[in-house]
Amino acid sequence: MAKDPVCGMEIHDGLAQQRTLYMGEEYFFCSEDCKVKFEGNPEKYSNIPEDEVPETRKVVVIGAGQVGATICYALMMSGIASSIVLVDVNPGLAEGHAMDLNHGLSFVSPTRIFAGNYSDCKGADIVVVTAGAGQKPGETRLDLVHKNTEIFKDIIPKITAYEPKTLLIVSNPVDILTYVALKVSNFTMNRVIGSGTMLDTARFRFLLSRHCRVDPRNVHAYIIGEHGDSEVPVWSQANIAGLALKKHCRVCERNCSPKERDEIFGQVKNAAYEIIRRKGHTNFAIALAVERIAGSILRDENSVLTVSTLINNYYDISDVCLSIPTIVNMNGILKHIDINLDEAERHKLRTSAQTLKKIIGELDI
Ligand SMILES: NC(=O)c1ccc[n+]([C@@H]2O[C@H](COP(=O)([O-])OP(=O)(O)OC[C@H]3O[C@@H](n4cnc5c(N)ncnc54)[C@H](O)[C@@H]3O)[C@@H](O)[C@H]2O)c1
């Protein structure tokens with residue numbers, strides 16, 4: 001007879017429907033609910049002595065500014081990380097955020113949160129990099145390139161010296177900096193991921209959902225290419241609950257014109273400028289996008305996400321980091337998805353890649 005480690009109920013281990021293996025030991029559960037609870041926090045429920053429990057699901061966030069701090073908050077709220085470490089060139093800022101976040105711990109799942117330094121990247125599953133200069137009003141993401149490349153050449157070796165599993169780059173221009181991080185780190189391409197067009201894709205889905213009056217989670221549509229001015233909306237594959245947008249438009253009474261589509265994409269592309277003009281920075285949606293990527297890595301989800309990664313032989317595009325739908329799991333990326341693009345989309349994707357490659361060619365890396 002075994003005991004469910006979560007609710008304490010006695011169950012016949014031979015009959016138990018739900019079971020899981022943790023650190024070589026098998027656990028039995030009375031229900032799916034208990035199993036999910038256990039897997040969310042096995043250290044709490046297993047028989048393994050606390051000092052023998054390996055530090056799992058550790059995320060280090062480098063750069064505790066608007067974006068970095070909000071990412072920590074989103075990670076803490078979701079409960080997916082067992083440890084969250086904040087590192088900033090301004091240690092007081094990281095400490096202040098860690099203190100503030102810790103004071104909320106009685107309202108969420110147990111998480112260890114502290115301000116640290118680069119040595120805390122040891123054993124990290126993910127190091128999220130948000131350090132760098134932010135985008136100023138009127139400044140394009142590409143204007144930031146030289147400033148942030150120099151910062152990356154300094155900090156990436158300090159991170160990789162401790163061999164974390166995955167680098168997740170958020171600082172802008174994210175595609176260029178993902179490429180810089182890849183080259184400077186010498187990590188294999190699956191371990192270096194940029195947040196890419198995750199945010200743009202989310203904005204696209206939100207705007208389409210509002211326009212078509214349907215839950216954004218039922219809108220399947222991608223923005224690919226650069227996270228920036230040359231990004232590409234994949235209208236040809238956009239669908240609502242499996243119904244191609246073209247067909248959905250026919251049954252919808254709103255009669256959308258190509259002009260309305262252009263307006264939607266314009267709002268996606270210019271969203272960051274519009275938000276920065278009003279509040280000086282963007283932080284909430286990008287933090288949730290990063291939490292989504294981190295979740296797919298930490299929970300080995302194999303989710304299809306528009307992250308920025310090194311591309312080789314994709315519609316004749318090679319040796320550049322940009323976003324296409326990609327399967328993300330515990331090893332970072334598993335593979336890229338070959339989506340069908342129409343001729344115009346292909347052309348735009350190649351142009352986007354050329355824009356990025358031109359900038360990469362001017363960098364001293
Ligand atoms: N990829 C996306 O979709 C996306 C969305 C929003 C913002 N961003 C980018 O994220 C980055 C951060 O934006 P923010 O609004 O948080 O800016 P911010 O200025 O508020 O924060 C940046 C932080 O980095 C720190 N920093 C600077 N140099 C450092 C170094 N060498 N080592 C450690 N820390 C260092 C600063 O002290 C600061 O706290 C920017 O590059 C911004 O453009 C990307």
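Visitor: Which residue just after H3 takes a positive phi?
Guide: Welcome! This is a predicted model, in which local features need pLDDT of at least 70, side-chain atom pairs count only at pLDDT 80 or more, and totals for chains, interfaces and linings use all residues. Residues are numbered from 1 along each chain as its sequence is written. Helices (H or I, at least four residues) and strands (E, at least two) are DSSP runs, numbered from the N terminus. Just after H3, a positive phi of about 75° is found at Gly-79.

Visitor: How many residues of H3 are buried?
Guide: A residue is buried if 20 or more other C-beta atoms lie within 10 Å of its own, exposed if 12 or fewer, and partly exposed in between, with C-beta atoms placed from the backbone. Val-67, Ile-71 and Tyr-73 are among the buried residues of H3. H3 is largely enclosed by the rest of the structure, because the buried count is 10 of the 13 residues.

Visitor: What span does H3 reach from its first C-alpha to its last?
Guide: The expected span of a helix is 1.5 Å times one less than its number of residues. H3 covers residues 66–78, 13 residues in all, and its span is close to the expected one, at 18 Å.

Visitor: Which helices are included in what covers the buried residues of H3?
Guide: The cover includes strands, among them S5 (58–62) and S6 (83–87). It also includes two helices, H4 (91–102) and H10 (284–298).

Visitor: In S20, which residue is the bridge partner of Ile-327?
Guide: Two strands pair if DSSP finds at least two bridges between them. S19 (residues 326–329) and S20 (residues 332–336) pair in the antiparallel sense over 4 bridges, and a hairpin joins them through 2 residues. The partner of Ile-327 in S20 is Lys-335.

Visitor: What is the radius of gyration of the protein chain?
Guide: The chain holds 11 helices and 20 strands. The radius of gyration is taken over C-alpha atoms, and the globule rule is 2.2 Å times the number of residues to the power 0.38. That rule gives 21 Å for 365 residues, so the chain is as compact as a globular protein of that length, with a value of 22 Å.

Visitor: How far apart do the C-alpha centres of domain 1 and domain 2 lie?
Guide: Domain bounds come from an automatic or database domain assignment. It gives domain 1 (2–40), domain 2 (53–194) and domain 3 (198–361). The centres of domain 1 and domain 2 are separated by 35 Å.

Terms used:
Two residues are in contact if their C-beta atoms, placed from the backbone, lie within 7 Å.
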